[in-house]
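Below is a briefing on one protein model, arranged by topic. Please keep the sequence and the coordinates at hand while reading.

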Amino acid sequence: MWPLKTSDIERLQIELSNRCNAACPLCPRYELPENLINNTSVDIQHIIRCLEKDPWDNLKKIHFCGNYDEPTVHPHLLDICEWIIVNMPNINISISTNGGTRDTQFWQSLGKLSRNNRLRVYWGIDGLEDTNHLYRIGAKWDKLMANTEAFINAGGRARWQFITFNHNSHQLQRAKAMAKELGFSEFIEKIFEMVNGVL
């Protein structure tokens, strides 16, 4: 029996699918059988039913950050976020992304939802144009930059999350300056420690 009631929970992390546009080398997706990758998303009605059926009296935050997925590839992410904003007025939303999905219209729409200060996006950008792709394999720099610009210019609250590796550590200060120029509200550094010679 699950020891917690929904009224005890303050933060939810929801994995929306097993789909992703990237191929980051340390992703746990590589531990899954190939036929279980990029083939399913959680139905929006299932998510709504789960959030509607129980009291979430102390819930403060819902975080869309997958262990296996890129949240923004879910076909109804905008609708899910809008439903939460309208129906759960005390909840803040955060989304973690590699930023290389969808088009600028999607990111403008998400930016508009962020204007109410209840939705924030963490952008996993691990380097600059010549290094980000070394870890965020598949995330195209030009598309990423266009998406960040569309989101921020539409009122979006953006945080740049930079994982420091050996191959990008020399770019940390330049990335911080760039984040400020682009209008990111925060810059977060995470240091990756090499284990057994990996990365």
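The buried residues of α6 pack against α5 (141–153), β5 and β6 (186–191). Contact here means heavy atoms within 4.5 Å, and buried means under 20% relative accessible area, exposed over 50%, and partly exposed in between (1.4 Å probe, protein chains only). Helices (H or I, at least four residues) and strands (E, at least two) are DSSP runs, numbered from the N terminus.

The model is predicted: local features need pLDDT of at least 70, side-chain atom pairs count only at pLDDT 80 or more, and totals for chains, interfaces and linings use all residues. Residues are numbered from 1 along each chain as its sequence is written, and side-chain values use heavy atoms, with hydrogens and water left out.

**Helix α6**

- In α6 (residues 172–182), the buried residues are Leu172, Ala175, Met178 and Ala179.
- These residues lie on the same side of α6, because they cover an arc of only 120° around the axis; the arc is that of the directions from the helix axis to the C-beta atoms.
- An α-helix has 3.6 residues a turn, so residues three or four places apart point the same way.
- Gln173, Arg174, Lys180 and Glu181 are exposed, on the face of α6 turned away from its buried side.

**Helix α3**

- The buried residues in α3 (residues 104–114) are Phe106, Trp107, Leu110, Gly111, Leu113 and Ser114.
- Their arc around the axis is only 155°, which puts them on the same side of α3.
- Gln105 and Lys112 are exposed on the face of α3 turned away from its buried side.
- The packing partners of the buried residues of α3 are α2 (77–87), β3, β4, α5 and β5.

- Seven of the eight residues of β5 are buried, and the strand is mostly covered.
- Two strands pair if DSSP finds at least two bridges between them.
- β4 and β5 pair in the parallel sense over five bridges, and Arg120 has Arg157 in β5 as its bridge partner.
- β5 and β6 run parallel and are joined by six bridges; the bridge partner of Gln161 in β6 is Ile188.

**Largest pocket**

- The largest pocket has a volume of about 680 Å³.
- Of the 30 residues that line the largest pocket, Cys65, Gly66, Ser96, Arg136 and Gln161 are the closest to its centre.
- The elements that give two or more residues to the lining are β3 (92–97), β4 (119–124) and β5 (157–164).
- β4 gives the most to this lining, with three residues.
- The lining residues divide into 16 nonpolar, nine polar and five charged; Ala, Val, Leu, Ile, Met, Phe, Trp, Tyr, Cys and Pro count as nonpolar, Asp, Glu, Lys and Arg as charged, and the others, Gly among them, as polar.
- On a 1 Å grid over the protein atoms alone, a pocket is an open set of points with protein on both sides within 12 Å along at least five of seven lines, where a 1.4 Å probe fits, and lining residues have an atom within 4 Å of a point.
- Grid points are joined across faces, edges and corners, and a volume is the space filled by probe spheres set on the points.

**Loop between β1 and α1**

- Ile37 is in the loop between β1 (11–14) and α1 (44–53), and counts as partly exposed at 22% relative accessibility.
- Ile37 and Cys20 are 17 residues apart in sequence and 8.4 Å apart in space, C-alpha to C-alpha.
- Not counting residues up to four places away in sequence, Ile37 touches Asn18, Arg29 and Leu32.
- Asn38 is in the loop between β1 and α1 and has a positive phi of about 60° although it is not a glycine.
- The relative accessible area of Asn38 is 37%, so Asn38 is partly exposed.

- Arg102 lies in the loop between β3 and α3; its phi is near 60°, a positive value in a residue other than glycine.
- With a relative accessible area of 30%, Arg102 is partly exposed.
- Asn132 is found in helix α4 (residues 132–135) and counts as buried, at 1% relative accessibility.
- Asn132 touches Gly124, Ile125, Asp126, Gly127, Ala139, Trp141 and Leu144, not counting residues up to four places away in sequence.
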